[in-house]
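Trainee: I would like to go through the labels on this model and hear what each one rests on.
Mentor: Ask about them in turn.

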Amino acid sequence: MIPKLENRKWKVLESTKLLSKGTWMNLRQEKVQLPSGSIVPEWFVLEFPDWVNVIAITKDGKFVMEDQYRHALGQTHYELVAGVIDPGETPLEAAKRELSEETGFGGGEWELFMTLSPNPTNHTNLSYTFLATGVERLCEQHQEATEDIHVDIFTREEVLELIETGQMIQALHVAPLWKYFCHNK
């Protein structure tokens, strides 16, 4: 049996907010002391809201994916449906809203499939991945002004090919898919 980890929390000696963008993103700099007594004078923490991802599978076993341009990398890739959890929303509510808005799909059976940290070194948020099976198109897409999303429907083999050929590189999307494929051969 794997032993339970002891939480060796760092002591915050100073904390300064460097950037504040409301609920979207904040940046703070901290001076921290480790349990060993060592002091780190500059530790940067990015505060983001929690995120959701959806592995959406249609009634006939196909995967609802999307492709969109990502400006930070300057590239277009395939991804899962994903988005931010709005204030007052549960992760499940956000996942269902994102699937509907971005693809027009909905319905089906939903379960929390995986929870990951984007980067526990300096991000405060979590990413919740839901598995939605038996989904179907219920409406048209309702994209935000900042979105240019194309909906794609792929077979299991095609999704595996997207990952293996580097056409899908978002780590928080690829990891849950690998888990899904590992447990559903």
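Mentor: This is a predicted model. Phe63, Phe113, Tyr180 and Phe181 make up one aromatic cluster.

Trainee: What makes Lys179 count as lying over the face of Phe113?

Mentor: Lys179 is 4.7 Å from the ring centre of Phe113, and the cut-off for a charge over a ring is 6 Å, together with an angle within 35 degrees of the ring normal.

Trainee: How many aromatic pairs does a search of the whole structure find?

Mentor: The search finds 7 aromatic pairs. One of them joins Phe63 and Tyr180, with 5.8 Å from centre to centre and 80° between the planes. Centres within 6.5 Å make a pair, and planes over 60 degrees apart make it edge-to-face, so Phe63 and Tyr180 are an edge-to-face pair.

Trainee: Which parts of the chain does that pair link?

Mentor: Phe63 is in strand β5 (residues 63–70) and Tyr180 is in helix α3 (residues 171–183), 117 residues apart.

Trainee: Why are Phe63 and Tyr180 called buried?

Mentor: Buried means under 20% relative accessible area. Phe63 has 2%, so the term applies. Tyr180 has 13% and therefore also counts as buried.

Trainee: Why is the pair of Tyr78 and Phe154 called edge-to-face?

Mentor: The ring centres of Tyr78 and Phe154 are 5.2 Å apart and the planes stand at 85°, which is over 60 degrees, so the pair is edge-to-face.

Trainee: How do you know that the span of α3 agrees with its number of residues?

Mentor: At 1.5 Å a residue, the 13 residues of α3 should span 18 Å, and the end C-alpha atoms are 18 Å apart, so the two agree.

Trainee: What makes Gln170 a cap of α3?

Mentor: A side-chain oxygen of Gln170 lies 2.6 Å from the backbone nitrogen of Leu172, at the N-terminal end of α3. The limit for a polar contact is 3.5 Å, so this distance is within it. Leu172 is also among the buried residues of α3, which include His173 and Val174.

Trainee: Glu47 is in strand β3 (residues 39–47). Why is Glu47 called buried?

Mentor: The relative accessible area of Glu47 is 17%, under the 20% cut-off, so Glu47 is buried.

Trainee: What joins the side chains of Glu47 and Arg28?

Mentor: A polar contact of 2.4 Å joins them. Beyond its neighbours within four places in sequence, Glu47 touches residues including Lys17, Trp24 and Thr124.

Conventions. Residues are numbered from 1 along each chain as its sequence is written. This is a predicted model: local features need pLDDT of at least 70, side-chain atom pairs count only at pLDDT 80 or more; totals for chains, interfaces and linings use all residues. Side-chain values use heavy atoms; hydrogens and water are left out. Rings of Phe, Tyr and Trp (its six-membered ring) pair if their centres lie within 6.5 Å; planes under 30 degrees apart count as stacked, over 60 as edge-to-face and the rest as tilted. Helices (H or I, at least four residues) and strands (E, at least two) are DSSP runs, numbered from the N terminus. Buried means under 20% relative accessible area, exposed over 50%, partly exposed in between (1.4 Å probe, protein chains only). The expected span of a helix is 1.5 Å times one less than its number of residues. A polar contact is a pair of N or O atoms within 3.5 Å; within protein, one must be able to donate a hydrogen and the other to accept it, and residues adjacent in sequence count only if both atoms are side-chain atoms. Contact means heavy atoms within 4.5 Å.
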